[in-house]
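The following report describes one protein structure for a reader who is new to such descriptions. Please look at the sequence and the model before reading on.

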Amino acid sequence: MKIPAPRQRLAFTKRISSCTWSPDGLNLAVSLAGGELCIIDMETQVRKNYPVKGWRGVWSPDSTLFASMDKGKVHIWDARHEVEKESLSFPEDISDLAWAPDATMLAVGFATGGVEVLDLDTMAQVSWCDAHSGSVYLEWGEDDQIVSLSKDAMAIWRRVDRDAGRFIELQEDSLGSNGEVNHVVEEPFDVEGDQSMVPEARIDQLIRSPHDDFTVSDLAHLRNGRIVTSGLDGTLKIWSSSGALLNIYENPTGDTFATVSATAAGEYVVASNAGDGTIHIIDVRTFSMLGTYSHEQSASDAWGREELVGLQPNTFDVTFIDHGDDEVRICSLSDSLPFSRPGSISHYRNAKIVLVGDSGVGKSGLSLALSGKVFQPTESTHARNVWALDAEDLVGKVEHGEKRELLLWDLAGQPGYRLFHKLSLRDVSIGLIVFDARSESEPFRGVSYWSKALDEAAMPGAPLVKILISARSDRGGVSVSSNRVSEVLEGNKIAKFHETSAKTGMGIADLIESISQCIRWDSLPIVAAPQAFTEIRKYLISEKRRGAMLVTQEELEQGFTDSNPGSPVSREILELCLGRLEATGLVARISFGDRWLLQPELLDSYVAWLAHAARSEPDGLGAIDEGRALRGEYEHEALTRASDEQAMLVTAVEEVVGRGLALRVPTEQGQMIVFPSELRTDLPDYPDGYTIEVIFKFEGHVSAIYSTVTVLLINSLGFGSNYRLFKNAAIFGFDTESFCGLAAHYEPNRDDVAGRILVFFGPGVSAEQKLSFLRYVDFQLRKLALAGTVLRERIYTCYSCDYQLPPEVVERRSNLGHETLICPVCGVTMNMDNLVRDSAVKDGKTSRLVRQAVHEQARQQRLTSYSLRREIEQYHVFICYNSVDRGIVQALNQNLRRQGVITWIDDDEMVGGDRHTQEIESIIDSVPCAIVAVGPNSLGPWQEQEYHALLQQAVTRRKKGTFLRVIPVLLPGAGSIEIPPFLGVHSIIDMRGHDIGGENLRNLVDAILTPMRVQA
């Protein structure tokens, strides 16, 4: 069905940046180019224009105040009295705003990933959050719940005390888990006092993508605290107020979603396609598609300039901005009820089972038995395996045509994989914890760790059941007593215990019955997907079972067509299906060469082989030459096709650098890939030559956590300009007096699952430097260790005789209210401090270091494969510029390349004899992003041709469900020039009055590399 003709058109003489309905639906605020705000009374059609700058704004819940954002400023306009009430300035660019339901507070999201909450009476910051990286987008619901979104996470907040402005958080985890409450502000804090003591906002639920790419394009609040998000992965998702995923709707067109809005009663959701603007109407009560509306093509629409704003409150009227004709269009859908229904949609649920346990306890054999395969002896696996189970006795009775699927994950047990596997423990329904009952020393080795790891990753609303399994009971039965088993079950809150043998089949049927009984299907999210999805999934699983490794999307599309000649599939539907299977772990995208890995466990193996090669180097430096690593000059499993082999080798190096397990280090011998956990060179005179001041105790994979913290410290720039690495220790500093250091110590008989990080300092380190270092280490440990296990202990050493005071003495003196310590050896009196307490408070400097580390780690990851990607012409961005501005553009180009961004610019890429036009057209057809650089001389004649070709290519790709991102960049010296109309609708990177490095450059790199967010 076509979208009805507009019932109202509102034309403007200036370009429209955005428009926003007041919550009562009576006023429309239109932000115009040039710093003008137009507020229209929709009953009288009276327009009033005000000099209020801002590219976008939000109304207060009572429809009386309008807050607009303009780079680093917020302007609050009183619409009733027609005056500016407040103007606020911030040091960082603002990405979004959200009002508290009672309009007493304002949440401000920043382009750098932070969020601040302001009290509008005092204009003081009352709380802050730093759970994100990149631009943050906000919603503040009627139930006092804040949702913040970025490219890597969705965080759910809840204000618990209006008067005190308190927030509460369950400990955040960068790998997607949540834990117990670790800090609550119990008293109203003094906003006039020390701003460093303003508490960090606490988060009820932090949901991160395992691929660090949350791909959310928009969100809206429903009733009862529920949230609906639209995604660049082609899905709509409904979340409960606690963060539980309730429903998933997959776009039947295969397109990505750009925007989503909800009716006032929360019964219906309206979402738009990013490609062709098609509107979907979904009933959220039944989560069924009611209908779709498509656009009539017009001259302006052909350029893809019509943007869905959303629903007018209390109506079923949709609002669009036509950026080509500079008008707002309002179309009524009410007259077309009931809606036209789309094609066939299937509904299904997925349940995830994981097999965890230490290496060599029998997990792989058990996975064969559960998946119905013939038992065969196996070596300890060096990777994860994911099996799609179709056993009817496991799935159970299915009603109303709903399909049910089971995925069995067998995770490698070696300690080195545990940090990786935290990513795989999300959304688990059944956790099978396997142990070796015949072990004479430690039969339950690893059980406690895996139990805690499963609990930590458990999602709210998705009940987790843990089952303890003795997997090799054919070797003589369980040697531990039943009482001991009962203690382990009770202590770890494990529901059941089974003795099994994959070799003889003993206990397998009973285990399957237990699994079937324990899966609570009704609590799992229901997925609505096109019928074609089921057929594609069957084909991909058959290819996996056939042993296919790396394939291009074109090969998959051709293979499916050959296997199903009567069921052609569109590229968009195939990509949607692949994306969903990637989310479940059945396949993985390999960006180098643009391939799909149908056996994702192979990547784990390559990473393991690479780490082993570094460990085996005779010099004990735990490093391997980067060139050798990329060429595969180490022991590993070779693949048949040379191109597949190269793709896996490159991806393995990118993986260890990107995950912080290794770092790139320039040496006289060339670029090296260094694994800090694999070094075997001892730190001289440690610990005798260093004064330990703080000990962090925690549970988790100690060596991997130590490596990651070390790599992040180096990448943070603040600590990494000068460092030395040793076996389980690292020192950062400029001289023998001013240095900071940390060392990893392992608890005896804890299998690398519990340990300590010892922090020490040189005598020349100031108190401020100590605190910065400790805060950074504390922040990273709370992210990486098992939730709730990080403990801090202050160590005092007598400066006169070097005697280390026992911790129990320090504790007793502190409990008695003393502020000093007395050395029992020499009698010197020492002051006690708050170093441990203050280290748990993250400040602005810590936040900056965290962001710097993230950017630098990503840069190093890109640089590992930079040359190889250039060879295969896998460009990130095309640079369109006026040749008169060549000097400043070339400088920008060099800065981008130093950031690992692969640019195409005609000066470098054109070869003598090339046909210039054909070469550029070929690049524009394939590149994912383009910069239109506007300098002091505006657009040149040839640049204008390229610019129009880019716009045409963007429209063509939108119709195919893909995107070409166009980024206008205003160069230094550009002045106040007129931006071409179609270029002005894109988000602009403004470098006028600034240099072409620093924060401006980081923002540009983020814009180039971040998956396209269609919402303005």
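## Two loop residues with positive phi

Gln 45 lies in the loop that joins β4 (36-41) to β5 (46-50). Strands here are DSSP runs of E with at least two residues, helices are runs of H or I with at least four residues, and both are numbered from the N terminus. The phi angle of Gln 45 is positive, near 65 degrees, although the residue is not glycine. Most residues other than glycine have a negative phi. With a relative accessibility of 34%, Gln 45 is classed as partly exposed; buried means under 20% relative accessible area, exposed means over 50%, and partly exposed is in between, with a 1.4 Å probe and protein chains only.

Asp 594 is a further residue of this kind, with a positive phi of about 55 degrees. Its position is the loop between β38 (588-590) and β39 (595-597). At 46% relative accessibility, Asp 594 also counts as partly exposed.

## The model and the chain as a whole

This is a predicted model, in which local features need pLDDT of at least 70 and side-chain atom pairs count only at pLDDT 80 or more, while totals for chains, interfaces and linings use all residues. Residues are numbered from 1 along each chain as its sequence is written, and side-chain values use heavy atoms, with hydrogens and water left out.

The protein chain contains 24 helices and 55 strands. It has 1016 residues, of which 60% count as buried. Among contacts with a separation of 6 or more, 62% join residues 24 or more positions apart; a contact means heavy atoms within 4.5 Å.

The expected span is 1.5 Å times one less than the number of residues. The buried residues of α7 include Phe 533, Arg 537, Tyr 539 and Leu 540. After α7 comes Gly 547, with a positive phi near 100 degrees.

Helix α13 (residues 702-715) has 14 residues and reaches 20 Å from its first C-alpha to its last, close to the 20 Å expected. Because 14 of its 14 residues are buried, α13 is largely enclosed by the rest of the structure.

## The largest cavity

The model has six cavities of 30 Å³ or more. A cavity is a set of points, on a 1 Å grid over the protein atoms alone, where a 1.4 Å probe fits but cannot get out, and its lining residues have an atom within 4 Å of a point. The largest cavity holds about 60 Å³ of space; grid points are joined across faces, edges and corners, and the volume is the space filled by probe spheres set on them.

Which residues line the largest cavity? They are Tyr 348, Asn 350, Glu 405, Leu 407, Phe 533, Arg 537, Arg 580, Leu 581, Thr 584 and Leu 586. At least two lining residues come from each of β30 (345-357), β32 (403-410), α7 (531-546) and α9 (571-584), and α9 gives the most, with three. The lining has five nonpolar, two polar and three charged residues. In this scheme Ala, Val, Leu, Ile, Met, Phe, Trp, Tyr, Cys and Pro are nonpolar, Asp, Glu, Lys and Arg are charged, and the others, Gly among them, are polar.

## Nonpolar cores

A nonpolar core is a set of buried Ala, Val, Leu, Ile, Met, Phe, Trp, Tyr and Cys residues joined through side-chain atoms within 4.5 Å. The largest one has 50 residues, of which Leu 425, Leu 468 and Leu 556 touch the most other members. Helix α4 (residues 447-457) contributes the most to this core, with six residues. Another core, of 42 residues, lies apart from it and includes Val 694 and Phe 732.

Beyond its neighbours within four places in sequence, Leu 556 is in contact with residues including Tyr 539, Leu 540, Trp 596 and Leu 598.

## A buried and a partly exposed residue

Leu 106 is part of strand β11 (residues 105-110) and is buried, with a relative accessible area of 0%. Leaving aside neighbours within four places in sequence, its contacts include Val 74, Trp 99, Leu 118 and Trp 140.

Arg 628 belongs to helix α11 (residues 626-631) and is partly exposed, with a relative accessible area of 24%. With neighbours within four places in sequence left aside, Arg 628 is in contact with Glu 617, Glu 633 and Tyr 634.

Methods
On a 1 Å grid over the protein atoms alone, a cavity is a set of points where a 1.4 Å probe fits but cannot get out, and a pocket is an open set with protein on both sides within 12 Å along at least five of seven lines; lining residues have an atom within 4 Å of a point.
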